[in-house]
Amino acid sequence: MGSICIITDNSAQFPHPNYPGRNLVKTASLKSYFGQKQNLEQWKTQNLPSVVDEELCPKLVAPTMDEFRQLFIELGNSYRQILGIFLSSKLSDCYQNAEKAAKLLNGHDIQIVDSQTTSASLGLMVQTAAQSIVEGATLVEAEHQVRSLIPQAYAVLCIPDLSYLHYNGFIDRTQALIGEMLGLLPIFTLEEGSLTPIEKLRSHRQITEFFLEFLDEFEDLQHVALLQPVKTPAPDVNLLKEYSQKTFTSTTFSTHTINLPLATLFGPTCTALLVLENGG
């Protein structure tokens, strides 16, 4: 029987796909739905419309408490301990359902962490935990390492597809209709796991400028990740990479195409910059 396994969700994106300990990482699937009947698992992200309505309302559904309970029992047959690291509890019920399931299983050693983020930042936390376990860390030590990264992770997101935010419960219908009608490019941050609007841009060129200004707010970054849409214009990747690596000489840089869970939440044209600070 193995010692520790890690479970995360499929919103995670990994800057270093061949990271040490990846064989210890399991994935719980967030299911995407389009309307009442059409399961988005059969869709491709690039086929999603930029505007949705009541008939095509997107919904990202987390595994239930019972599904997590069964998953934990199955993993418990192969591993003595389980570390769950999930996307922000303000974006999905994934963390809450996993935590409830873990509390029901008193005989299992399970720790659940709300990453307060998603995408590449979540992936980096999972990678860090996996590598530390390979290097001999205990469950408590790996959990502590992940929790120490949470306040060091920052993200800004440009989300033009406001109807997606409405149907996922983040903004009201009027805000979505007006924003999309005006063709605005709203900027949000993830603050303590919650989406917070901070700016409205009017051109895709301004997104690159805004992201560069965002990088200027930091002194020492471990990693910079750019989340790109499938079809619409993206920020200048080369400029952002060159700037981040010149400004932060030891930083690594990765690019990621928006995946289905994130497109279900934020729409297919969402663009985001996610950074992880070096610890003090």
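Predicted model: local features only at pLDDT ≥ 70, side-chain atom pairs only at ≥ 80, totals over all residues.

Biologist: Switching topic: what's the strand order in the open sheet of 6 strands?

Modeller: S10-S9-S8-S13-S11-S12, and the pairing is mixed. S10 (194-201) and S12 (252-257) have a single partner strand each, so one side of each has no neighbour in the sheet.

Biologist: How much are neighbouring strands turned against each other?

Modeller: By 20° on average, ignoring direction.

Biologist: What about S8 and S13, parallel or antiparallel?

Modeller: Antiparallel, over 6 bridges, with S8 covering residues 153-158 and S13 covering residues 271-277. As one example, Ala-153 stands opposite Leu-276 in S13.

Biologist: Which strands does H7 touch?

Modeller: H7 (residues 204-215) packs on the sheet and touches S8, S9 (185-191), S10, S11 and S13. Its direction makes about 10° with that of S13.

Biologist: And which strands does H3 lie across?

Modeller: H3, residues 119-134, lies across S8, S11 (221-228), S12 and S13. It runs at about 30° to S13.

Biologist: Now the rings. How many aromatic pairs does the count come to?

Modeller: 5. One of them is Tyr-154 with Phe-218, a tilted pair at 5.2 Å centre to centre with 55° between the planes.

Biologist: Where do Tyr-154 and Phe-218 lie?

Modeller: Tyr-154 is in strand S8, while Phe-218 is in the loop between H7 and S11, so the pair ties together parts that are 64 residues apart in sequence.

Biologist: Is Phe-218 buried or exposed?

Modeller: Phe-218 is buried, at 9% relative accessible area. Tyr-154, on the other hand, is partly exposed, at 33%.

Biologist: Last one: which residues do ring pairs link into a cluster?

Modeller: Phe-68, Phe-72 and Phe-86. Phe-86 also brings us back to where we began, as S6 spans residues 79-86.

Note on methods: Residues numbered from 1 in each chain as written. Heavy atoms only, no water. Pairing = 2+ DSSP bridges. Helix = DSSP H or I, 4+ residues; strand = E, 2+ residues; numbered from the N terminus. Axes fitted to C-alpha atoms, helices over the stretch in contact; angles between N-to-C directions. Contact = heavy atoms within 4.5 Å. Phe/Tyr/Trp six-rings, centres within 6.5 Å; stacked < 30°, edge-to-face > 60°. Buried < 20%, exposed > 50% of the residue type's maximum accessible area, 1.4 Å probe, protein only.
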